Amino acid sequence: MIELRNLTVAAGRGPAAFRLANVDLAVPSGAYAVLMGRSGCGKTTLLETICGLKPALGGRILVDGEDVTDLPPAARGIGFVPQDVALFSHLSVRGNLAFAPKVKGMDVSIVEELSQALGLDQLMDRSTDNLSGGERQRVALGRALAARPRVLCLDEPLSALDAETHEDMCGLIQSLARSQRITVLHITHNPAEAERLADHRFTIAGGLVRDQ
Amino acid sequence: MSAAGHSPRGRGRGRDLGFVAGLWTLAGLYLLLILALLFADVLFIAKNPARLASVDWDPIWHSITLTLITCTISALLSVLFAVPIGYLLSRTEFRGKALVDAVLDIPIVLPPLVIGLSLLILFNHVPTQGHSIEKGFNALGLGVTYAIPAVILAQFTVACAFAVRTMVNTYDQLSPRYEDVAMTLGCSRAQAFWRVVVPESWRGILTAGTLAWARALGEFGPILVFAGATRGRTEVMSTTVFLEISIGNIEGAVVVSLLMVAVALVVLVLVRVFGSRRLGV
(Lines give C-alpha, C1' and ligand atoms only; values in the text may rest on other atoms or scores of the structure.)
Protein backbone atom coordinates (compact mmCIF):
# COMPACT_ATOMS: atom_id res chain seq x y z
CA MET A 1 0.00 0.00 0.00
CA ILE A 2 1.15 3.53 -0.69
CA GLU A 3 -0.16 6.61 1.09
CA LEU A 4 0.61 10.27 0.55
CA ARG A 5 -0.36 12.46 3.49
CA ASN A 6 -0.44 16.22 2.97
CA LEU A 7 2.45 15.87 0.54
CA THR A 8 3.72 19.11 -1.00
CA VAL A 9 6.12 19.13 -3.92
CA ALA A 10 7.70 21.86 -6.04
CA ALA A 11 7.15 21.39 -9.77
CA GLY A 12 8.20 23.30 -12.89
CA ARG A 13 11.08 25.74 -13.20
CA GLY A 14 11.60 29.50 -13.26
CA PRO A 15 8.47 31.56 -13.88
CA ALA A 16 6.50 28.33 -14.56
CA ALA A 17 7.29 26.95 -11.08
CA PHE A 18 4.31 25.93 -8.95
CA ARG A 19 3.41 23.66 -6.05
CA LEU A 20 1.35 20.55 -5.79
CA ALA A 21 0.16 21.13 -2.26
CA ASN A 22 -1.42 18.93 0.40
CA VAL A 23 -1.72 15.85 -1.77
CA ASP A 24 -3.64 13.07 -0.04
CA LEU A 25 -3.72 9.77 -1.87
CA ALA A 26 -4.01 6.13 -0.86
CA VAL A 27 -3.64 3.05 -3.04
CA PRO A 28 -4.28 -0.33 -1.36
CA SER A 29 -1.74 -3.15 -1.56
CA GLY A 30 -1.63 -4.81 -4.95
CA ALA A 31 -3.97 -2.24 -6.53
CA TYR A 32 -3.33 -0.51 -9.83
CA ALA A 33 -3.64 3.27 -9.71
CA VAL A 34 -3.51 5.55 -12.74
CA LEU A 35 -2.57 9.23 -12.50
CA MET A 36 -3.82 11.49 -15.27
CA GLY A 37 -3.41 15.14 -16.06
CA ARG A 38 -2.25 17.62 -18.69
CA SER A 39 1.39 18.01 -19.67
CA GLY A 40 3.29 20.09 -17.11
CA CYS A 41 0.72 19.57 -14.35
CA GLY A 42 3.32 17.94 -12.06
CA LYS A 43 2.63 14.22 -12.58
CA THR A 44 6.27 13.26 -13.17
CA THR A 45 7.48 15.47 -10.30
CA LEU A 46 5.02 13.77 -7.96
CA LEU A 47 6.30 10.35 -9.06
CA GLU A 48 9.95 11.48 -8.66
CA THR A 49 9.19 12.72 -5.15
CA ILE A 50 7.54 9.42 -4.24
CA CYS A 51 10.66 7.60 -5.51
CA GLY A 52 12.94 9.91 -3.46
CA LEU A 53 14.54 11.56 -6.47
CA LYS A 54 13.17 14.98 -5.50
CA PRO A 55 12.66 16.27 -1.96
CA ALA A 56 9.19 16.65 -0.48
CA LEU A 57 8.54 20.21 0.78
CA GLY A 58 6.10 18.85 3.35
CA GLY A 59 3.93 15.90 4.26
CA ARG A 60 4.69 12.20 4.46
CA ILE A 61 5.02 9.21 2.10
CA LEU A 62 4.15 5.80 3.55
CA VAL A 63 4.77 2.40 1.96
CA ASP A 64 2.95 -0.47 3.67
CA GLY A 65 2.63 1.78 6.72
CA GLU A 66 6.37 2.57 6.85
CA ASP A 67 7.31 6.26 6.60
CA VAL A 68 9.83 6.46 3.74
CA THR A 69 9.76 10.26 3.28
CA ASP A 70 13.31 10.75 4.50
CA LEU A 71 14.79 7.52 3.15
CA PRO A 72 17.10 7.51 0.11
CA PRO A 73 15.63 6.06 -3.14
CA ALA A 74 17.54 2.78 -2.67
CA ALA A 75 15.88 2.08 0.70
CA ARG A 76 12.25 2.85 -0.22
CA GLY A 77 11.34 -0.36 -2.02
CA ILE A 78 9.87 1.68 -4.87
CA GLY A 79 10.68 0.78 -8.47
CA PHE A 80 10.72 3.38 -11.25
CA VAL A 81 10.34 3.08 -15.01
CA PRO A 82 10.89 6.53 -16.56
CA GLN A 83 9.27 7.66 -19.80
CA ASP A 84 12.55 7.35 -21.76
CA VAL A 85 13.22 3.96 -20.03
CA ALA A 86 16.94 4.85 -19.58
CA LEU A 87 18.27 1.35 -20.21
CA PHE A 88 21.96 0.97 -19.36
CA SER A 89 23.56 0.74 -22.79
CA HIS A 90 26.89 -0.52 -21.42
CA LEU A 91 25.09 -3.67 -20.22
CA SER A 92 23.30 -6.41 -22.16
CA VAL A 93 19.63 -7.18 -21.58
CA ARG A 94 20.75 -9.76 -18.97
CA GLY A 95 23.02 -7.17 -17.34
CA ASN A 96 20.12 -4.72 -17.07
CA LEU A 97 17.82 -7.32 -15.50
CA ALA A 98 20.54 -8.49 -13.10
CA PHE A 99 21.56 -4.96 -12.10
CA ALA A 100 19.45 -4.63 -8.95
CA PRO A 101 19.99 -8.21 -7.67
CA LYS A 102 23.77 -7.73 -8.01
CA VAL A 103 23.79 -4.31 -6.33
CA LYS A 104 21.61 -5.60 -3.49
CA GLY A 105 23.44 -8.94 -3.21
CA MET A 106 20.19 -10.80 -3.91
CA ASP A 107 19.64 -14.16 -5.61
CA VAL A 108 19.91 -13.62 -9.38
CA SER A 109 17.59 -16.52 -10.25
CA ILE A 110 14.81 -13.93 -10.52
CA VAL A 111 16.46 -12.77 -13.76
CA GLU A 112 15.61 -16.04 -15.53
CA GLU A 113 12.07 -16.03 -14.12
CA LEU A 114 11.49 -12.48 -15.34
CA SER A 115 13.06 -13.12 -18.73
CA GLN A 116 10.52 -15.90 -19.33
CA ALA A 117 7.58 -13.96 -17.91
CA LEU A 118 8.45 -10.96 -20.10
CA GLY A 119 9.34 -12.98 -23.21
CA LEU A 120 12.93 -11.78 -23.16
CA ASP A 121 14.67 -15.18 -23.03
CA GLN A 122 15.79 -14.96 -26.68
CA LEU A 123 17.18 -11.45 -26.19
CA MET A 124 19.20 -11.88 -23.01
CA ASP A 125 22.64 -11.48 -24.60
CA ARG A 126 21.61 -8.67 -26.94
CA SER A 127 22.81 -5.11 -26.59
CA THR A 128 20.03 -2.73 -25.52
CA ASP A 129 20.86 -0.56 -28.54
CA ASN A 130 19.35 -3.17 -30.86
CA LEU A 131 15.89 -3.51 -29.28
CA SER A 132 12.50 -2.37 -30.54
CA GLY A 133 10.37 0.05 -28.52
CA GLY A 134 8.27 -2.75 -26.99
CA GLU A 135 11.35 -4.81 -26.14
CA ARG A 136 12.96 -1.81 -24.45
CA GLN A 137 9.83 -1.29 -22.34
CA ARG A 138 9.83 -4.95 -21.30
CA VAL A 139 13.51 -4.78 -20.30
CA ALA A 140 12.89 -1.59 -18.29
CA LEU A 141 9.92 -3.23 -16.59
CA GLY A 142 11.92 -6.39 -15.84
CA ARG A 143 14.85 -4.36 -14.50
CA ALA A 144 12.53 -2.55 -12.07
CA LEU A 145 10.74 -5.79 -11.02
CA ALA A 146 14.06 -7.59 -10.43
CA ALA A 147 14.62 -5.26 -7.44
CA ARG A 148 11.45 -6.80 -5.90
CA PRO A 149 9.77 -3.43 -5.21
CA ARG A 150 6.73 -3.03 -3.00
CA VAL A 151 5.48 -0.18 -5.22
CA LEU A 152 6.12 0.35 -8.92
CA CYS A 153 6.03 3.86 -10.45
CA LEU A 154 5.55 3.94 -14.23
CA ASP A 155 5.90 7.26 -16.05
CA GLU A 156 3.99 6.98 -19.34
CA PRO A 157 5.56 3.61 -20.08
CA LEU A 158 3.35 2.81 -23.07
CA SER A 159 3.12 6.18 -24.82
CA ALA A 160 5.59 5.41 -27.63
CA LEU A 161 4.24 1.96 -28.57
CA ASP A 162 2.16 0.90 -31.55
CA ALA A 163 -1.42 -0.26 -30.86
CA GLU A 164 -0.68 -4.01 -30.84
CA THR A 165 2.43 -3.76 -28.64
CA HIS A 166 0.54 -1.33 -26.40
CA GLU A 167 -2.22 -3.88 -25.81
CA ASP A 168 0.31 -6.67 -25.16
CA MET A 169 2.24 -4.51 -22.68
CA CYS A 170 -0.95 -3.47 -20.86
CA GLY A 171 -1.80 -7.13 -20.27
CA LEU A 172 1.76 -7.99 -19.28
CA ILE A 173 2.16 -5.16 -16.75
CA GLN A 174 -1.22 -5.88 -15.21
CA SER A 175 -0.66 -9.63 -14.87
CA LEU A 176 2.86 -9.24 -13.44
CA ALA A 177 1.73 -6.60 -10.95
CA ARG A 178 -1.15 -8.86 -9.84
CA SER A 179 0.92 -12.04 -9.63
CA GLN A 180 3.62 -10.31 -7.56
CA ARG A 181 1.10 -8.24 -5.55
CA ILE A 182 2.86 -4.99 -6.35
CA THR A 183 1.10 -1.67 -5.89
CA VAL A 184 1.35 0.31 -9.13
CA LEU A 185 1.24 4.06 -9.76
CA HIS A 186 0.99 4.59 -13.51
CA ILE A 187 1.02 7.96 -15.30
CA THR A 188 -0.78 8.21 -18.62
CA HIS A 189 -2.45 10.70 -20.95
CA ASN A 190 -4.50 7.97 -22.55
CA PRO A 191 -8.05 7.62 -21.13
CA ALA A 192 -8.50 4.20 -22.80
CA GLU A 193 -5.27 2.98 -21.16
CA ALA A 194 -6.51 4.26 -17.80
CA GLU A 195 -9.86 2.54 -18.34
CA ARG A 196 -8.10 -0.71 -19.26
CA LEU A 197 -5.70 -0.78 -16.29
CA ALA A 198 -6.96 1.26 -13.37
CA ASP A 199 -8.42 0.00 -10.11
CA HIS A 200 -8.12 3.58 -8.87
CA ARG A 201 -7.96 6.77 -10.91
CA PHE A 202 -6.53 10.12 -9.86
CA THR A 203 -6.45 13.37 -11.81
CA ILE A 204 -4.03 16.24 -11.29
CA ALA A 205 -5.29 19.71 -12.25
CA GLY A 206 -4.64 23.21 -10.92
CA GLY A 207 -2.13 21.98 -8.35
CA LEU A 208 -4.66 19.57 -6.82
CA VAL A 209 -4.96 15.79 -6.97
CA ARG A 210 -8.51 14.45 -7.21
CA ASP A 211 -9.67 10.91 -6.60
CA GLN A 212 -12.12 9.85 -9.35
CA MET B 1 5.95 18.35 -68.31
CA SER B 2 9.23 19.94 -67.29
CA ALA B 3 12.64 18.41 -67.68
CA ALA B 4 13.95 16.62 -64.60
CA GLY B 5 16.67 19.22 -64.11
CA HIS B 6 14.08 22.00 -63.93
CA SER B 7 11.58 20.24 -61.65
CA PRO B 8 11.42 21.40 -58.00
CA ARG B 9 12.99 18.10 -56.96
CA GLY B 10 15.75 18.52 -59.55
CA ARG B 11 16.43 22.07 -58.37
CA GLY B 12 16.55 20.73 -54.79
CA ARG B 13 19.11 18.12 -55.81
CA GLY B 14 21.13 20.83 -57.56
CA ARG B 15 21.15 22.95 -54.40
CA ASP B 16 22.13 19.88 -52.33
CA LEU B 17 24.96 19.19 -54.75
CA GLY B 18 26.22 22.76 -54.37
CA PHE B 19 25.99 22.50 -50.60
CA VAL B 20 27.83 19.16 -50.45
CA ALA B 21 30.44 20.43 -52.91
CA GLY B 22 30.98 23.46 -50.66
CA LEU B 23 31.48 21.19 -47.62
CA TRP B 24 33.97 19.02 -49.49
CA THR B 25 35.83 22.04 -50.87
CA LEU B 26 36.41 23.47 -47.39
CA ALA B 27 37.27 20.05 -45.89
CA GLY B 28 39.58 19.34 -48.81
CA LEU B 29 41.38 22.68 -48.48
CA TYR B 30 42.13 22.09 -44.80
CA LEU B 31 43.19 18.47 -45.39
CA LEU B 32 45.40 19.70 -48.23
CA LEU B 33 47.08 22.22 -45.92
CA ILE B 34 47.89 19.50 -43.34
CA LEU B 35 49.12 17.04 -45.97
CA ALA B 36 51.17 19.79 -47.67
CA LEU B 37 52.93 20.50 -44.36
CA LEU B 38 53.84 16.83 -43.96
CA PHE B 39 54.80 16.50 -47.62
CA ALA B 40 57.10 19.54 -47.35
CA ASP B 41 58.89 17.96 -44.35
CA VAL B 42 59.31 14.62 -46.14
CA LEU B 43 60.54 16.39 -49.30
CA PHE B 44 63.04 18.40 -47.24
CA ILE B 45 64.51 15.22 -45.73
CA ALA B 46 64.49 13.39 -49.06
CA LYS B 47 66.54 16.20 -50.64
CA ASN B 48 69.25 16.02 -47.92
CA PRO B 49 69.51 12.33 -47.01
CA ALA B 50 73.27 12.50 -46.43
CA ARG B 51 72.89 14.96 -43.55
CA LEU B 52 70.61 12.54 -41.74
CA ALA B 53 73.69 10.47 -40.92
CA SER B 54 74.94 13.32 -38.74
CA VAL B 55 71.80 13.23 -36.53
CA ASP B 56 72.62 12.10 -32.99
CA TRP B 57 69.91 9.49 -32.33
CA ASP B 58 70.67 8.75 -28.64
CA PRO B 59 69.07 11.91 -27.20
CA ILE B 60 66.22 11.60 -29.70
CA TRP B 61 65.36 8.05 -28.55
CA HIS B 62 65.55 9.29 -24.96
CA SER B 63 63.18 12.15 -25.74
CA ILE B 64 60.75 9.81 -27.54
CA THR B 65 60.70 7.46 -24.52
CA LEU B 66 60.27 10.32 -22.06
CA THR B 67 57.53 11.84 -24.24
CA LEU B 68 55.52 8.60 -24.35
CA ILE B 69 55.84 8.10 -20.58
CA THR B 70 55.07 11.69 -19.52
CA CYS B 71 52.19 12.12 -22.00
CA THR B 72 50.59 8.89 -20.78
CA ILE B 73 50.94 9.88 -17.10
CA SER B 74 49.60 13.38 -17.84
CA ALA B 75 46.64 11.97 -19.78
CA LEU B 76 45.78 9.49 -17.00
CA LEU B 77 46.04 12.22 -14.35
CA SER B 78 43.90 14.52 -16.50
CA VAL B 79 41.16 11.88 -16.78
CA LEU B 80 41.39 11.18 -13.04
CA PHE B 81 40.65 14.84 -12.31
CA ALA B 82 38.42 15.65 -15.29
CA VAL B 83 35.83 12.91 -14.67
CA PRO B 84 34.78 14.08 -11.18
CA ILE B 85 35.19 17.79 -12.00
CA GLY B 86 33.11 17.39 -15.18
CA TYR B 87 30.42 15.51 -13.26
CA LEU B 88 30.35 18.12 -10.49
CA LEU B 89 30.01 21.02 -12.94
CA SER B 90 27.40 19.28 -15.05
CA ARG B 91 25.17 17.89 -12.31
CA THR B 92 25.32 20.39 -9.47
CA GLU B 93 24.38 24.03 -8.97
CA PHE B 94 26.33 26.09 -6.45
CA ARG B 95 27.13 29.69 -5.68
CA GLY B 96 30.09 30.90 -7.75
CA LYS B 97 29.73 28.11 -10.35
CA ALA B 98 30.25 30.55 -13.25
CA LEU B 99 33.49 31.75 -11.66
CA VAL B 100 34.76 28.18 -11.05
CA ASP B 101 33.84 27.34 -14.64
CA ALA B 102 35.80 30.34 -15.92
CA VAL B 103 38.84 29.59 -13.72
CA LEU B 104 38.98 26.05 -15.11
CA ASP B 105 39.32 27.53 -18.60
CA ILE B 106 42.33 29.70 -17.68
CA PRO B 107 44.93 27.10 -18.81
CA ILE B 108 43.17 27.00 -22.20
CA VAL B 109 43.22 30.75 -22.81
CA LEU B 110 46.54 31.71 -21.18
CA PRO B 111 49.66 31.74 -23.37
CA PRO B 112 51.55 28.49 -22.61
CA LEU B 113 54.68 30.42 -21.60
CA VAL B 114 52.70 32.18 -18.88
CA ILE B 115 51.60 28.79 -17.48
CA GLY B 116 55.26 27.71 -17.32
CA LEU B 117 56.30 30.98 -15.70
CA SER B 118 53.49 30.77 -13.16
CA LEU B 119 54.44 27.17 -12.28
CA LEU B 120 58.06 28.27 -11.86
CA ILE B 121 57.07 31.10 -9.51
CA LEU B 122 54.58 28.91 -7.60
CA PHE B 123 57.18 26.25 -6.87
CA ASN B 124 60.18 28.49 -6.24
CA HIS B 125 58.84 31.72 -4.73
CA VAL B 126 55.75 30.70 -2.71
CA PRO B 127 55.39 31.43 0.13
CA THR B 128 58.99 32.80 0.04
CA GLN B 129 62.10 31.94 -1.93
CA GLY B 130 63.66 30.54 1.27
CA HIS B 131 60.67 28.35 2.15
CA SER B 132 59.30 27.45 -1.24
CA ILE B 133 57.26 24.41 -2.31
CA GLU B 134 60.34 23.27 -4.26
CA LYS B 135 62.44 23.41 -1.07
CA GLY B 136 59.78 21.30 0.65
CA PHE B 137 60.08 18.64 -2.06
CA ASN B 138 63.90 18.93 -1.92
CA ALA B 139 63.78 18.16 1.81
CA LEU B 140 61.98 14.91 0.90
CA GLY B 141 64.75 14.12 -1.57
CA LEU B 142 62.58 15.03 -4.57
CA GLY B 143 63.11 17.68 -7.20
CA VAL B 144 60.32 19.12 -9.31
CA THR B 145 61.63 22.18 -11.15
CA TYR B 146 63.94 21.37 -14.09
CA ALA B 147 63.23 17.66 -13.52
CA ILE B 148 60.83 15.08 -15.00
CA PRO B 149 57.96 15.88 -12.53
CA ALA B 150 58.01 19.43 -13.93
CA VAL B 151 57.48 18.03 -17.45
CA ILE B 152 54.43 16.07 -16.25
CA LEU B 153 53.05 18.97 -14.21
CA ALA B 154 53.45 21.41 -17.12
CA GLN B 155 51.70 18.99 -19.51
CA PHE B 156 48.98 18.12 -16.98
CA THR B 157 48.14 21.76 -16.16
CA VAL B 158 47.13 22.49 -19.75
CA ALA B 159 45.91 19.04 -20.83
CA CYS B 160 43.54 18.64 -17.86
CA ALA B 161 41.64 21.82 -18.78
CA PHE B 162 40.81 20.33 -22.18
CA ALA B 163 39.82 17.02 -20.57
CA VAL B 164 37.54 18.84 -18.09
CA ARG B 165 35.77 20.69 -20.90
CA THR B 166 35.25 17.39 -22.75
CA MET B 167 33.83 15.70 -19.64
CA VAL B 168 31.46 18.59 -18.86
CA ASN B 169 30.04 18.28 -22.39
CA THR B 170 29.84 14.49 -22.02
CA TYR B 171 27.84 14.68 -18.77
CA ASP B 172 25.65 17.51 -20.11
CA GLN B 173 24.59 15.10 -22.86
CA LEU B 174 24.11 12.09 -20.54
CA SER B 175 20.59 12.07 -19.09
CA PRO B 176 20.49 12.19 -15.25
CA ARG B 177 17.72 9.59 -15.55
CA TYR B 178 20.44 6.88 -15.57
CA GLU B 179 21.50 7.83 -12.04
CA ASP B 180 17.87 8.22 -10.98
CA VAL B 181 17.01 4.71 -12.13
CA ALA B 182 20.20 3.25 -10.64
CA MET B 183 19.35 4.77 -7.26
CA THR B 184 15.84 3.28 -7.30
CA LEU B 185 17.51 -0.08 -8.09
CA GLY B 186 19.53 -0.04 -4.88
CA CYS B 187 22.53 2.19 -5.60
CA SER B 188 23.79 5.02 -3.44
CA ARG B 189 24.75 8.17 -5.38
CA ALA B 190 28.41 7.04 -5.39
CA GLN B 191 27.49 3.54 -6.58
CA ALA B 192 25.30 5.03 -9.33
CA PHE B 193 28.30 7.09 -10.41
CA TRP B 194 30.73 4.15 -10.55
CA ARG B 195 28.34 1.47 -11.82
CA VAL B 196 26.37 3.53 -14.33
CA VAL B 197 27.66 7.05 -15.03
CA VAL B 198 31.32 6.10 -15.60
CA PRO B 199 30.60 3.15 -17.93
CA GLU B 200 27.88 5.07 -19.77
CA SER B 201 30.32 7.94 -20.36
CA TRP B 202 33.20 5.65 -21.46
CA ARG B 203 33.33 7.16 -24.94
CA GLY B 204 33.64 10.69 -23.51
CA ILE B 205 36.33 9.54 -21.06
CA LEU B 206 38.28 8.00 -23.95
CA THR B 207 37.96 11.22 -25.94
CA ALA B 208 39.06 13.30 -22.94
CA GLY B 209 42.09 11.04 -22.39
CA THR B 210 43.03 11.09 -26.07
CA LEU B 211 42.68 14.87 -26.25
CA ALA B 212 44.76 15.27 -23.07
CA TRP B 213 47.44 12.94 -24.45
CA ALA B 214 47.60 14.80 -27.76
CA ARG B 215 47.68 18.16 -25.98
CA ALA B 216 50.51 16.94 -23.72
CA LEU B 217 52.46 15.76 -26.76
CA GLY B 218 52.28 19.20 -28.34
CA GLU B 219 53.10 21.09 -25.13
CA PHE B 220 56.26 23.16 -25.39
CA GLY B 221 56.20 26.58 -23.70
CA PRO B 222 55.45 25.54 -20.11
CA ILE B 223 57.92 22.64 -20.35
CA LEU B 224 60.69 24.90 -21.62
CA VAL B 225 60.19 27.40 -18.79
CA PHE B 226 59.39 25.06 -15.89
CA ALA B 227 61.30 21.88 -16.78
CA GLY B 228 63.97 23.28 -19.06
CA ALA B 229 65.28 21.48 -22.14
CA THR B 230 68.25 19.59 -20.76
CA ARG B 231 69.55 16.97 -23.19
CA GLY B 232 68.97 13.46 -21.91
CA ARG B 233 67.10 14.68 -18.79
CA THR B 234 63.99 16.77 -19.37
CA GLU B 235 64.02 16.72 -23.13
CA VAL B 236 60.74 15.67 -24.74
CA MET B 237 60.01 15.59 -28.48
CA SER B 238 58.69 19.16 -28.66
CA THR B 239 61.82 20.48 -26.91
CA THR B 240 64.03 18.25 -29.11
CA VAL B 241 62.68 20.11 -32.15
CA PHE B 242 63.59 23.39 -30.43
CA LEU B 243 67.07 22.17 -29.42
CA GLU B 244 67.85 20.85 -32.91
CA ILE B 245 66.77 24.15 -34.49
CA SER B 246 68.83 26.13 -31.94
CA ILE B 247 72.01 24.27 -32.98
CA GLY B 248 71.21 24.69 -36.66
CA ASN B 249 70.30 21.05 -37.29
CA ILE B 250 67.14 21.60 -39.29
CA GLU B 251 67.21 18.01 -40.61
CA GLY B 252 67.20 16.64 -37.07
CA ALA B 253 64.31 18.96 -36.15
CA VAL B 254 62.31 17.87 -39.20
CA VAL B 255 62.95 14.17 -38.50
CA VAL B 256 61.71 14.56 -34.92
CA SER B 257 58.69 16.53 -36.15
CA LEU B 258 57.79 13.70 -38.53
CA LEU B 259 58.32 11.18 -35.73
CA MET B 260 55.91 13.20 -33.57
CA VAL B 261 53.32 12.98 -36.33
CA ALA B 262 53.89 9.21 -36.63
CA VAL B 263 53.73 8.64 -32.85
CA ALA B 264 50.58 10.77 -32.55
CA LEU B 265 48.90 8.96 -35.45
CA VAL B 266 49.75 5.49 -34.11
CA VAL B 267 48.55 6.31 -30.59
CA LEU B 268 45.36 8.09 -31.69
CA VAL B 269 44.42 5.32 -34.12
CA LEU B 270 45.18 2.60 -31.53
CA VAL B 271 43.11 4.35 -28.88
CA ARG B 272 40.17 4.77 -31.27
CA VAL B 273 40.30 1.17 -32.49
CA PHE B 274 40.67 -0.15 -28.94
CA GLY B 275 37.93 2.20 -27.72
CA SER B 276 35.50 1.04 -30.41
CA ARG B 277 36.17 -2.63 -29.57
CA ARG B 278 35.77 -1.97 -25.85
CA LEU B 279 32.41 -0.40 -26.63
CA GLY B 280 31.47 -3.21 -29.00
CA VAL B 281 30.77 -0.68 -31.76
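Colleague: What makes you say that helix α5 of chain A lies across strands, and which strands are they?

Modeller: The model is predicted, and in it α5(A), residues 133-145, lies across β6 and β7 of chain A. The helix runs at about 165° to β6(A).

Colleague: Why is β6(A) called an edge strand?

Modeller: β6(A), residues 78-81, pairs on one side only, and so does β10(A), residues 208-211. The open sheet has six strands in the order β6-β7-β8-β3-β9-β10, with mixed pairing. On average, neighbouring strands in this sheet are turned by 20° against each other, direction ignored.

Colleague: What makes β4(A) and β5(A) a pair, and how many bridges join them?

Modeller: Two bridges join β4(A) to β5(A), residues 66-67, and the strands run antiparallel. At least two are required, so this pair meets the cut-off. A:L62 is opposite A:D67 there. The hairpin they form has two residues between its strands, and A:D64 takes a positive phi near 50°. β4(A), residues 58-63, also pairs with β1(A), residues 2-11, in the antiparallel sense over five bridges. In that pairing A:T8 is opposite A:G58.

Colleague: How do you know which residues of chain A are in contact with chain B, and how many are there?

Modeller: Contact requires C-beta atoms within 7 Å, and by that test 20 residues of chain A are in contact with 17 of chain B. β6(A) and α3(A), residues 99-104, each give two or more residues to this side of chain A. α3(A) gives the most, with four.

Colleague: What classes of residue make up that side of chain A?

Modeller: It has 13 nonpolar, four polar and three charged residues.

Colleague: Which residues touch the most other members of the largest nonpolar core?

Modeller: They are A:C153, A:L185, B:A159, B:A163 and B:A212, in a core of 123 residues. Helix α8 of chain B, residues 148-173, gives the most to this core, with 16 residues.

Colleague: What does B:A163 touch?

Modeller: Leaving out residues up to four places away in sequence, B:A163 touches B:S78, B:V79, B:A82, B:A208, B:L211 and B:A212.

Terms used:
Residues are numbered from 1 along each chain as its sequence is written. Chains are lettered from A and ligands numbered from 1 in the order in which they are written. This is a predicted model: local features need pLDDT of at least 70, side-chain atom pairs count only at pLDDT 80 or more; totals for chains, interfaces and linings use all residues. Axes are lines fitted to C-alpha atoms, for helices over the stretch in contact, and angles run from 0 to 180 degrees between N-to-C directions. Two residues are in contact if their C-beta atoms, placed from the backbone, lie within 7 Å. Ala, Val, Leu, Ile, Met, Phe, Trp, Tyr, Cys and Pro count as nonpolar, Asp, Glu, Lys and Arg as charged, and the others, Gly among them, as polar. A nonpolar core is a set of buried Ala, Val, Leu, Ile, Met, Phe, Trp, Tyr and Cys residues joined through C-beta atoms within 7 Å. A residue is buried if 20 or more other C-beta atoms lie within 10 Å of its own, exposed if 12 or fewer, and partly exposed in between; C-beta atoms are placed from the backbone.
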